[in-house]
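Please read these notes with the structure open beside you. Each numbered point takes up one part of the chain.

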Amino acid sequence: MDAEQVLHMNGGVGQTSYANNSSHQRVAISTARETLESTIKQVYGTNKMLPECLMMADLGCSSGPNTLTVVSYILDIIEAICQSLKINSPTFQVFLNDLFGNDFNAVFQSLSSFYDKLKNEKGDKFGPCFIAAMPGSFYGRLFPNNSIHIVHSSYSLHWLSKVPSGLVDDETGEAYNKGNIHISKTSPPLVLKAYLDQFQKDFTNFLRCRSEEIVSGGIMILTIIGNIQSDYSANWEILETVLNEMVKENIIEAKCVDNFNMPSYFPSAKEVKSVIEKEGSFSLQKLNTFETAADAGFTSEHDDTTLNFEAEESNNNNNNYKRGKYVSDYIRAVTEPILVKQFGETIMDELFERLAYKVIECANDKYLNLVISLTKNYS
């Protein structure tokens, strides 16, 4: 599977859209803000280093309320630097990047209110700020040489450019990763090697491309879902369980699961460091980790229009279901286009309804997040 063709979040503003199901990702963005702020202040906190026009890019921006959050953070940080130095702010050029299937129309429709808010909060003397889209894969070139000062990416780089090669026997056509949709305890070693090889290749290409585009001394802040103690399967294990249950009930054909593998990899800190050091274009300033609960960002007001509980069910059970559905909904917003390609659209409602209940059984699941601060080496 070429991930570039199907890897995009659910667009629009409907119940299953990414715009309405991205609170979890917002928690990660907010938690990583401290690293973003300290890195920008370290590099651009002097009059000598602050450029006349600050060029920044958010890679994997998606659409919805989170899209302009990091832009707002950076503008606030730069404003604080300018105030402390008693200088005028630079002009800002912002590029929002995602794959071609991203709902950029929704992003553009939000810009008017963003500009109004910016003017009201910071006044006419701040900026100006110009925002444009730059569609395309960040595993290739996106910008001219030596043009970008700040690159940010959150919850995007664990997605691979494609499903790794070598997961099917060339002679027999038999899938090596039967019954699994990712690296699992039952996966043969060659599956782990194929995924690791693909991650190393993709992350190397990412760094190499950014090294051409970022100015010397420029910065990059990356937040990636990683793995906890080499438990690579944990992030997709619940979804895999539900799919296999549906196979047993003859709702899905076994071969559909056998031949499906998620184009994602959750690296360890050691694996990330190894690629950065080997590629050599960037210096690693910080690599911090933090955990988020699977239901991070959940509030009791989460949509309950599809609750299936009878009136006599306890409030506690009701709340547990809403938590499960909250997690199921944001997984759906992220994965549905990929799953529809493999399994068809008709089973999606049932699949994610089952997933909501399955999540309740795994209430203590957590994600490990890697926050990586890099500066480009001087030539």
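1. Helix pairs come up several times below, so one cut-off is needed at the start. Angles under 35 degrees count as roughly parallel, over 145 as roughly antiparallel and 65 to 115 as roughly perpendicular, while the rest count as oblique. Helix H6 (residues 189–213) and helix H9 (residues 269–279) pack at about 45°, and H6 and H9 are therefore oblique to each other. Please keep in mind throughout that this is a predicted model.

2. Which residues make the contact between H6 and H9? From H6 come Leu-196, Phe-199, Gln-200, Phe-203, Thr-204, Leu-207, Arg-208 and Ser-211. H9 supplies Glu-271, Val-272, Val-275, Ile-276 and Glu-279. Sorted by class, the contact of H6 with H9 holds seven nonpolar, three polar and three charged residues. The two axes are 10 Å apart, and H6 passes H9 in a right-handed crossing.

3. Now the chain as a whole. Its secondary structure consists of 11 helices and seven strands. The chain has 379 residues, of which 54% are buried. Among contacts with a separation of 6 or more, 84% join residues 24 or more positions apart.

4. The largest nonpolar core contains 71 residues. Ile-40, Leu-75, Ile-78, Leu-239, Leu-339, Phe-343 and Leu-351 have the most contacts inside this core. Helix H4 (residues 69–85) gives the largest share of the core, nine residues.

5. What does Phe-343 touch, not counting residues up to four places away in sequence? The list is Leu-243, Ile-252, Cys-256, Val-257, Phe-260 and Met-348.

6. Next, look at H4 and its partner H3 (residues 33–44). The axes of H3 and H4 come within 10 Å and cross at roughly 40°. H3 and H4 are therefore oblique to each other, and their crossing is right-handed. On the H3 side the contact has Arg-33, Leu-36, Glu-37, Ile-40, Lys-41 and Tyr-44. These meet Val-70, Tyr-73, Ile-74, Asp-76, Ile-77, Ile-78 and Ile-81 in H4. By class, the contact of H3 with H4 has nine nonpolar, no polar and four charged residues. Ile-40 and Ile-78, both named in this contact, are also among the residues with the most contacts inside the largest core.

7. H4 also packs against helix H5 (104–122). The angle between H4 and H5 is about 20°, with the axes 13 Å apart. That makes H4 roughly parallel to H5. H4 passes H5 in a right-handed crossing. Val-71, Ser-72, Leu-75, Asp-76 and Glu-79 of H4 are in the contact, together with Phe-114, Leu-118 and Lys-122 of H5. These residues divide into four nonpolar, one polar and three charged.

8. Leaving aside neighbours within four places in sequence, Val-71 is in contact with Val-94, Leu-96 and Phe-114. Phe-95 is 24 residues from Val-71 in sequence, and the C-alpha atoms of the two are 9.7 Å apart.

9. A cis peptide bond joins Gly-127 and Pro-128, with omega at about 5°. Pro-128 lies in the loop between H5 and strand S3 (129–133).

10. The other two places have a positive phi in a residue that is not glycine. For Asn-146, phi is near 50°; the residue sits in the loop between S3 and strand S4 (148–154). For Tyr-155, phi is about 55°, and Tyr-155 is found in the loop between S4 and H6. Asn-146 has 46% relative accessibility and so counts as partly exposed. Tyr-155 has 12% relative accessibility and therefore counts as buried.

Technical notes. Residues numbered from 1 in each chain as written. Predicted model: local features only at pLDDT ≥ 70, side-chain atom pairs only at ≥ 80, totals over all residues. Heavy atoms only, no water. Core = buried A, V, L, I, M, F, W, Y, C linked by side-chain atoms within 4.5 Å. Buried < 20%, exposed > 50% of the residue type's maximum accessible area, 1.4 Å probe, protein only. Helix = DSSP H or I, 4+ residues; strand = E, 2+ residues; numbered from the N terminus. Contact = heavy atoms within 4.5 Å. Axes fitted to C-alpha atoms, helices over the stretch in contact; angles between N-to-C directions. Left-handed = near helix turned anticlockwise from the far one by under 90°. Nonpolar A, V, L, I, M, F, W, Y, C, P; charged D, E, K, R; others polar.
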